[in-house]
Amino acid sequence: MNKLSTLGAPKALAAVVSLFFLWGFITCMNDILIPHLKGLFELNYLQAMLIQFAFFGAYFVGSLVYFLVSYFHRDPIAMMGYKGGMISGLVVAGIGCALFYPAEITARYDMFLTALFVLGLGFTLLQISTNPYVAILGRPDHASARLNLAQGFNSLGTTLAPIIGGILFFGVAIESAVPSAVDTHTPYLVFALLFLVLAVIIWRTDLPEIQSETVAKTRLGALEFPQLRLGILAIFFYVGAEVGIGSLLINFLKTDSVAGFSEQVGKNYLALYWGGA
């Protein structure tokens, strides 16, 4: 691993940590979209949960394609670098956010799902490039501390998203007599612009180029380790439970037999849930 200057690493870390905050924020916005689009399109719960299926399904599809390309050809990050991976992820995520505009103009639910799938693909590229970059950006014995710091900002984004997103969506809905008048695309167009601005910032930021140490290659690579295989299974169930609770919490609290809270009140409990998690 290349040695980093004492000035370069903190600056690079700050730039990358901002990405963790932003994708945590927008990921949690799905929990606001579910009750919002459920009411807008008069969906049942199965149809409404396709929002998370499309978004997190992109993680699986994107990761699987990345693995196959790496296995049969070459690791894409090795070809374009961590910086290139971050920029690519930001651009794809920006395109996904921009697709919310035609989705709302055409009033088609499948277009919203397509936009979320593209957004999820962008976040997949960000996850693949930023997590290992943070881990190797500095002293190896401080890798876990850097990852915890970055994930802490990611959690801050998930905590703030329900409050801000709830004001953007549910606050307007209360004042409007026509639910279809609720503006869904404007916040995501702002996110799209923000992603593109961040892509330019990352492009212009002098991020240290890091080469991974050469390791002995096996047929399955890291999958040879049982800890990783079991970890994949564990995180599958954990994320399913975590996301499932957050996705349905507002609708659950809205039920008269449970609490009868409005979406405006429910979003505050959603923020407490993600903050606690």
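This structure holds one salt bridge, and since the model is a predicted one, that is a handy place to start looking. The partners are arginine 108 and aspartate 110, whose side chains meet with an N to O distance of 2.6 Å. Side chains of opposite charge can pair when their charged atoms come close.

| Residue | Relative accessible area | Class |
|---|---|---|
| Arginine 108 | 43% | partly exposed |
| Aspartate 110 | 38% | partly exposed |
| Valine 65 | 47% | partly exposed |
| Leucine 198 | 12% | buried |

Let us turn to valine 65, which is found in helix 3 (residues 50-72). Valine 65 belongs to a nonpolar patch on the surface, whose members also include Phe60, Leu64, Leu68 and Phe72. Together, the residues of this patch have about 810 Å² of accessible area. With a relative accessible area of 47%, valine 65 itself is partly exposed.

Leucine 198 lies in helix 8 (residues 185-204). Because its relative accessibility is 12%, and buried means under 20%, leucine 198 counts as buried. Along the chain, leucine 198 and alanine 15 are 183 residues apart, yet their C-alpha atoms are separated by 8.8 Å.

Finally, have a look at helix 9 (residues 226-254) and helix 10 (residues 263-276), which pack with their axes 8 Å apart and at an angle of about 155°. Angles over 145 degrees count as roughly antiparallel, so helix 9 is roughly antiparallel to helix 10. The crossing in which helix 9 passes helix 10 is right-handed.

Note on methods:
Residues are numbered from 1 along each chain as its sequence is written. This is a predicted model: local features need pLDDT of at least 70, side-chain atom pairs count only at pLDDT 80 or more; totals for chains, interfaces and linings use all residues. Side-chain values use heavy atoms; hydrogens and water are left out. Patches are made of residues with over 30% relative accessible area and no salt bridge: like charges are joined within 9 Å, nonpolar side chains (Val, Leu, Ile, Met, Phe, Trp, Tyr) within 5 Å. Accessible areas come from the Shrake-Rupley method with a 1.4 Å probe; for residues, only the protein chains shown count as cover. A salt bridge is a side-chain nitrogen of Lys or Arg within 4 Å of a carboxyl oxygen of Asp or Glu. Helices (H or I, at least four residues) and strands (E, at least two) are DSSP runs, numbered from the N terminus. Buried means under 20% relative accessible area, exposed over 50%, partly exposed in between (1.4 Å probe, protein chains only). Axes are lines fitted to C-alpha atoms, for helices over the stretch in contact, and angles run from 0 to 180 degrees between N-to-C directions. Angles under 35 degrees count as roughly parallel, over 145 as roughly antiparallel, 65 to 115 as roughly perpendicular and the rest as oblique. A crossing is left-handed if the near helix is turned anticlockwise from the far one by less than a right angle, and right-handed if clockwise.
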